[in-house]
Amino acid sequence: MSRTKSIPTKVGDLFVEIAGSGPPVLLWHSMLVDRFQWQRMSGPLAGERTLVLIDGPGHGRSGRPPAGYTLEDCADAAAEVLTELGIGSVDWLGSAWGGHIGLVFAARHPERCRSVVTIATPIAPLETAERLQTRLLAGVYGRFGPIAPLSNGAADALLTKRSKRTDPEARRIVRDGLATADRVGMHRSMHAMMLRRPDISGLLPGITAPVLVIAGSEDAMWLPGPARRSADTIPRGRCAVVEGAHRLPALERPEAVLTHVRAFWRQNADGAEPSAGAGAARAAGSAG
């Protein structure tokens, strides 16, 4: 059984679902979707972990964030959620946006972060072409809301061709993420978290927690090469590649992601501290 709670934070009221039992894991989803992105992983994980599933500001059932909020604000809000729930420290599991926040959380709140898994999380800001596409997306959404062409376009952008053709549930989850969100809150998030996303590469060498960087093999925005190089700059970083996944590996290839995440957590619990380069090479070599 799960329980839910709305928790006031500096980025507005965050809707939180708590499920399972065991060591706590905080899960933060990608932009444009909500906590249901994790539904194919949350069932298996709830049998071994306490899951803290957050709807990000302006997404799902969470409230409207202030204009111009930052990744640092989100990281601090996550700490506020943990304090309200009486949880000291967590393993962080973040997809794209959630991975950005997880890395900032590890840098700002190291005493509360046991480890970080980032999935499909480019470290650099949007490139020019991506920025133009995102500005168009935000403009259309701000004027017309989650109209069908926009929702379908988001699904096309986030999923592989195979998933778009054979996985209607995945398409529905993406479309529902836009359809159910607070319109003003989502529009603010598009500007603050996508168009204004900063380069966080400078944080990576100072992160002391173990970090697993996961890339989808079909994700043009976060190819395995850049992902491995970013992992190499983290003192306890490593990298894994999930084949046949694009921007939402946790939705498209949940079993593969779970395999990598569980292995990473086991190594962590055993006190393994591989060097950055060796860890990245071993994980990448066993990826599938």
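**Exercise 1.** Determine whether Trp 97 is buried or exposed, and characterise the ring pair that Trp 97 forms with Trp 28.

*Solution.* Step 1: Trp 97 has a relative accessible area of 3% and is therefore buried; the term buried denotes under 20% relative accessible area, exposed over 50%, and partly exposed the range in between, with a 1.4 Å probe and protein chains only. The model is predicted, so local features require pLDDT of at least 70 and side-chain atom pairs pLDDT 80 or more, while totals for chains, interfaces and linings use all residues. Residues are numbered from 1 along each chain as its sequence is written, and side-chain values use heavy atoms, without hydrogens and water.

Step 1: The whole structure contains 3 aromatic pairs, a pair being two rings of Phe, Tyr or Trp (its six-membered ring) with centres within 6.5 Å; planes under 30 degrees apart are stacked, over 60 edge-to-face, and the rest tilted. Trp 28 and Trp 97 form one of these, edge-to-face, at 5.7 Å centre to centre and 80 degrees between the planes.

Step 2: This pair links distant parts of the chain, with Trp 28 in strand β3 (residues 24–28) and Trp 97 in helix α3 (residues 97–108), 69 residues apart. Helices (H or I, at least four residues) and strands (E, at least two) are DSSP runs numbered from the N terminus. Trp 28 is also buried, with a relative accessible area of 0%.

**Exercise 2.** Classify the pair of Trp 92 and Phe 105, and state which cluster includes these residues.

*Solution.* Step 1: The pair is tilted, with 4.9 Å between centres and 35 degrees between planes.

Step 1: Trp 92 belongs to strand β5 (residues 90–95) and Phe 105 to helix α3, 13 residues apart; both residues are buried.

Step 2: Trp 28, Trp 92, Trp 97 and Phe 105 make up one aromatic cluster.
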